[in-house]
There are 2 protein chains.
Amino acid sequence: MGRKRLQEPADGRPTVHTVAARAGVSIASASRVLNGVGGSPETIRKVRAAAAEVGYVPNAIARSLQSQRTGLVALAVEDIGNPVYVEMMRAIEAVVASSGRQLVVHATGGRIDNEMTLLRRLANRYVDGMIISPIRVTDDHLGALVGSPVPVVVVGQLGADAPVDNVRTDSRHGVALAVDHLLAIGRRRIGFVNGPLDTVPGAARDAGFRAALARHGIELDEDLVEVGDFQYAAGRAAAVRLLARAAPDALVCANDLIAVGALHALLATGRRVPQDVALIGMDDTELAQMMFPQLSSVSLGSAERGRRAAELLLQRIADPALPPRREQVQPSLAVRASSAATPPSPRPSADPFEPTPAHPYREGVTS
Amino acid sequence: MGRKRLQEPADGRPTVHTVAARAGVSIASASRVLNGVGGSPETIRKVRAAAAEVGYVPNAIARSLQSQRTGLVALAVEDIGNPVYVEMMRAIEAVVASSGRQLVVHATGGRIDNEMTLLRRLANRYVDGMIISPIRVTDDHLGALVGSPVPVVVVGQLGADAPVDNVRTDSRHGVALAVDHLLAIGRRRIGFVNGPLDTVPGAARDAGFRAALARHGIELDEDLVEVGDFQYAAGRAAAVRLLARAAPDALVCANDLIAVGALHALLATGRRVPQDVALIGMDDTELAQMMFPQLSSVSLGSAERGRRAAELLLQRIADPALPPRREQVQPSLAVRASSAATPPSPRPSADPFEPTPAHPYREGVTS
DNA sequence: AGACTCCCCGGAAACGTTTACAGCGATCGG
DNA sequence: CCGATCGCTGTAAACGTTTCCGGGGAGTCT
């Protein structure tokens, strides 16, 4: 018994023991040199040479076990295909990468059980922290968030007093920006295509739409409101239903994907955008600018929210004792061709050279 | 000297030692029960109870160190925003998740140095395997791939004899499908908007386009070929350049993003699609169907390629001694409105009920 | 009854790294 | 010339888990 330890694992892969043996020093010295801390010139030379000869690469897992951190950060969103999350992911990835960490992404499908599973799995510490953007929130959920063993930052609305790092936006105000703008360009029958009302953003946007109309003293025709899902196909179907029973002169959509679906529905039924129906999306993703006509869209600062969430998370990882913080990003409206100030003209508006200065500009935050 | 080991880490988080002590058994027994292997009914009861009481959750890192696997699989693509990679990612995620693993995504930006860094980092075994879709390939690169210490599967074209698991498609043939179809519906001046020629897909598609025309005995007018980047903005700019100097009656695009850009350019300059110019994209992503008119697109089976790549990878992880395999996915053409067999009609058809009304205004596309 | 099998258990090693600690020689200051 | 300091080194512990191995008890077969 008692033989110290295999110097060469059966695997053949070099470990710090291999390097140390080859350099004729102890593993402690080898490790120190490899980490650039301490060591005499001679030792440094020998260890470096030995490491290079055997092609030594430190094992990330063993290092993690020792250092109690994995260098990974998780991001959980509903759908990694939604461009709004893509933009958020890009922003987060940039911050996270600059701290030398890597990103693990999870698609939750918006299902609470999936999110709960993820939160529970956090306990086994496979990541150093997590950014999650839940679209539905329950009490269990909230409990799991505040009781999480590793830092969690929430992107999105949350119960007001939840002691969790949180970066949110004011999507009610965002909807108001859209409504105000449409009224300002003379639209009166404004429709609304929303996502599910049992989601946090869906509920907030519905409330925002109603409040905005009420503020202007306009009575809402329920026929002008339709609900689908936060996806293209569902948005298009919802728009088709709405158009079948009502004749809006403008549509606000809770999402750019829905807006693209609505655009398709409008064009496919021979309506002109914006002459017959003005259209405004939400999230201001790349998609909005790819459409023809380019879509006006309410920016909810997804990239900015992602960036800030990542920074909050990194700070909390560095100092878990920090008090919970909350940050807010203001929405703004990007006006583009789909809601250009073209007066609703009679159908055969002959002039093909009608001037419509459709260059996008941003309207201020002030309502 | 002497004292065994802290039962309760200063941290306060329960370990298997905590559970074992509380249950009055050894850590070996505790571990066995927790893994569901062995243990008498009484032991099982005690350990389960103790684990529940202290809220024990096994530490994933320690487990990884012992088992020599992390349960993570990496995916490296050029741009996580490109819908083709989103679809691929979804397919991969499904397979990977069904094996109980998780996905780590990396955006390489198509830069070889980034990819090399990733490949080198593989050596520290932070993941069990990697799927990579390089758009540029060098010899160094190839060396790093074949010499990788952990399983790697490549999605995309590769040097013919590289001993690396690889799933590819025949994009030359894909381009041919598009060209054949356009010729069949009577188009003669077929343009091509490609991505960079120094990329593998760019080169293959260029060759495919030229070969397809040659096969039909058509001489290529170089004015009808334009190169940009595999992105929306670059595609749009490239299409604008092309349209400024030539008058195609059809456009093939190397990518759906490019095709969307081209569509925008066409519509913004008052051209009708497909009446004036038929349009075909490539990759057949969701985006193609979101457009109005819906875009024909050559499917290169991105989801299928992702699925197969994931399966190859899992099999190789299970048995690293497997010989390298290569799989091929056949392209197919999805014909939609943008290349419907509408004969090129004379311009002025002022029919107000024409199904695709031209938009009477121009957008900020510099001509 | 004795030998054999089977099952369960606990001690201890192992995964590969970092790091606290102590020893030791050399340098330096007094 | 001696003691303190400093820089370097090696031993060993620690991170938290799984698993090999040997011991022992209960049961079974001959």
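Q: Hi! Which residues come nearest to DNA strand D?
A: Hello! This is a predicted model, and in it S29(A), T43(A), V16(B), S31(B) and Y56(B) come nearest, out of 29 residues around DNA strand D.

Q: What part of DNA strand D lies within 4 Å of the protein, sugar or phosphate, or bases?
A: Both, as it turns out. Sugar or phosphate accounts for 60% of the atoms of DNA strand D within 4 Å of the protein, and the rest belong to bases.

Q: Ok, which base atom of DNA strand D does Q66(A) have a polar side-chain atom next to, and how many Å away?
A: That would be a base nitrogen, 3.4 Å from the polar side-chain atom of Q66(A). On the phosphate side, an N or O atom in the side chain of N35(B) is 3.1 Å from a phosphate oxygen of DNA strand D.

Q: And which elements give two or more residues to the surface near DNA strand D?
A: From chain A, helix 2 (27–34) and helix 4 (60–67) do. From chain B, you have helix 1 (16–23), helix 2 (27–34) and helix 4 (60–67).

Q: Now the other strand. Which residues are closest to DNA strand C?
A: V16(A), S31(A), Y56(A), S40(B) and T43(B) are the closest, and 29 residues surround DNA strand C. Of the atoms of DNA strand C that come within 4 Å of the protein, 61% are sugar and phosphate.

Q: What does UniProt say about residues 14–67 of chain A?
A: An unreviewed UniProt entry annotates them as "domain: HTH lacI-type". In the model, that span is 70% helix and 0% strand, with its end C-alpha atoms 21 Å apart.

Q: Changing topic: how many residues does helix 9 of chain A have, and what is its reach?
A: Helix 9 (residues 200–215) of chain A has 16 residues and reaches 22 Å from first C-alpha to last, close to the 22 Å expected. At its start, a side-chain oxygen of T199(A) comes to within 3.0 Å of the backbone nitrogen of G202(A). After the helix comes G217(A), with a positive phi near 70°.

Q: Which residues of that helix 9 are buried, and what do they pack against?
A: The buried ones are P201(A), G202(A), A204(A), R205(A), D206(A), G208(A), F209(A), A212(A) and L213(A). The buried residues of helix 9 pack against helix 8 (171–184), strand 6 (190–194), strand 7 (225–227) and strand 9 (278–282) of chain A.

Q: One from chain B: is S302(B) buried or exposed, and what does it touch?
A: S302(B) counts as buried because its relative accessibility is 4%, under the 20% cut-off. S302(B) sits in helix 13 (residues 302–318) of chain B. Leaving out residues up to four places away in sequence, S302(B) touches V84(B), E87(B), M88(B) and D283(B).

Key:
Residues numbered from 1 in each chain as written. Chains lettered and ligands numbered in written order. Predicted model: local features only at pLDDT ≥ 70, side-chain atom pairs only at ≥ 80, totals over all residues. Heavy atoms only, no water. Helix = DSSP H or I, 4+ residues; strand = E, 2+ residues; numbered from the N terminus. Expected span 1.5 Å × (residues − 1). Buried < 20%, exposed > 50% of the residue type's maximum accessible area, 1.4 Å probe, protein only. Contact = heavy atoms within 4.5 Å. Polar contact = N/O pair within 3.5 Å; in protein donor to acceptor, adjacent residues only side chain to side chain. UniProt positions renumbered as here; feature names shortened; annotations may be inferred. Near = heavy atom within 4 Å.
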